[in-house]
Amino acid sequence: MTGPGIPWYLAVAAVLFSTGVTGVLLRRSPLIVLLSLELMLNGANLALVGFSRLWGELDGQVFALAVMAVAAAEVCVGLGLIVAMSRRKLELDVDSFTELRG
Amino acid sequence: MGELLTWVVWMIAATACVVTGVRVVIATSPFSSALSLIGNLASLAVLYLLASGEFVAAAQVLVYAGAVMVMFLFVIAYLGGHADAPFAAHRVAQLSAVVAALAVLAVTLVAVLLDAGGHLSDERDVTRSFGSPAEIGRLFLTDHLLAFEITSIVLLVAAVGGVVLGTRARAEDEADAASDRAEAPA
């Protein structure tokens, strides 16, 4: 394999994942929280593709594709929730949602 | 020559990936946050290509940077200025967020840099068809058929859920408007 070895990929994946963790914990807008979640999923995906290359097995890439589909489903429901929240004139702030039926 | 070029491309893609990733978190407007995520996804696709994940890279650009992010941008445009929100309220919350993220980073980086007991440095040789659509399609229709079918059901349920959330919100909207009109003359 030419170029950087698998540890380099895993290091980038770790940086991406922890950036996403910071975003999820730090930001209050549910939109940015969703975007940071995507960052975390992509960090995991990069690790999956890297490991797939390490072992020479394609199962990791298949799993990465499944993760992409789940991420698309999650975005669909998440954005639906955010739109419903804004239609009910609720403040878009994850800290203000402390009850399921508020 | 090929080796050096691969390193250069990899470094550019990885740097772009990390920089845009940080920008997603620190940008104040959700619009530039989403645009940074698109750049992040594109540079990740380059990394996938360098790790022989051709089909995953193509799917990443088409599905993620194309479809999913367009949906995001639509919703951000729909919400307008509503979507803006500052960082977490309390200093303590901000500090603990950064500490938690650094802890995750430290644990993974230590594991990676110690080379996981020497298991990470010897990649297997792969054929040229590794990561091609044909190979992935074969796996999806043989070994991972159940996962493939379950994924389609998950997507269907999510689509129905999105529609239900949207219509219920609209029904409540119209009920509110009707009650407003009823109250107005009195």
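Predicted model: local features only at pLDDT ≥ 70, side-chain atom pairs only at ≥ 80, totals over all residues.

Trainee: Is A:S86 buried or exposed?

Mentor: A:S86 counts as buried because its relative accessibility is 14%. You'll find A:S86 in helix 3 of chain A; helices here are DSSP runs (H or I, at least four residues), numbered from the N terminus.

Trainee: And what does A:S86 touch?

Mentor: Contact means heavy atoms within 4.5 Å. Setting aside residues up to four places away in sequence, A:S86 touches B:Y78 and B:L79. Also, a polar atom of the A:S86 side chain sits 3.1 Å from the backbone oxygen of A:V83.

Trainee: How does B:L109 count?

Mentor: B:L109 has 24% relative accessibility, so it counts as partly exposed. B:L109 belongs to helix 4 (residues 91-113) of chain B, and it touches A:A11 and A:A14, again not counting residues up to four places away in sequence.

Trainee: How much area do chain A and chain B bury between them?

Mentor: Buried area is the accessible area (1.4 Å probe) that two parts lose on being put together, summed over both. For chain A and chain B that's about 7000 Å², with 75% of it on carbon and sulfur atoms. In chain A, the residues losing the most area to chain B are A:R27, A:L35 and A:R87, together 10% of what that side buries. The contact involves 71 residues from chain A and 83 residues from chain B.

Trainee: How many salt bridges does the rule find across that interface?

Mentor: A salt bridge needs a side-chain nitrogen of Lys or Arg within 4 Å of a carboxyl oxygen of Asp or Glu. Across the interface of chain A and chain B, the rule finds 0.

Trainee: Last one: which residues have the most contacts inside the largest nonpolar core?

Mentor: A nonpolar core is a set of buried Ala, Val, Leu, Ile, Met, Phe, Trp, Tyr and Cys residues joined through side-chain atoms within 4.5 Å. The largest has 59 residues, and those with the most contacts inside it include A:L46 and B:F72.

Definitions and conventions: Residues numbered from 1 in each chain as written. Chains lettered and ligands numbered in written order. Heavy atoms only, no water. Helix = DSSP H or I, 4+ residues; strand = E, 2+ residues; numbered from the N terminus. Buried < 20%, exposed > 50% of the residue type's maximum accessible area, 1.4 Å probe, protein only. Polar contact = N/O pair within 3.5 Å; in protein donor to acceptor, adjacent residues only side chain to side chain.
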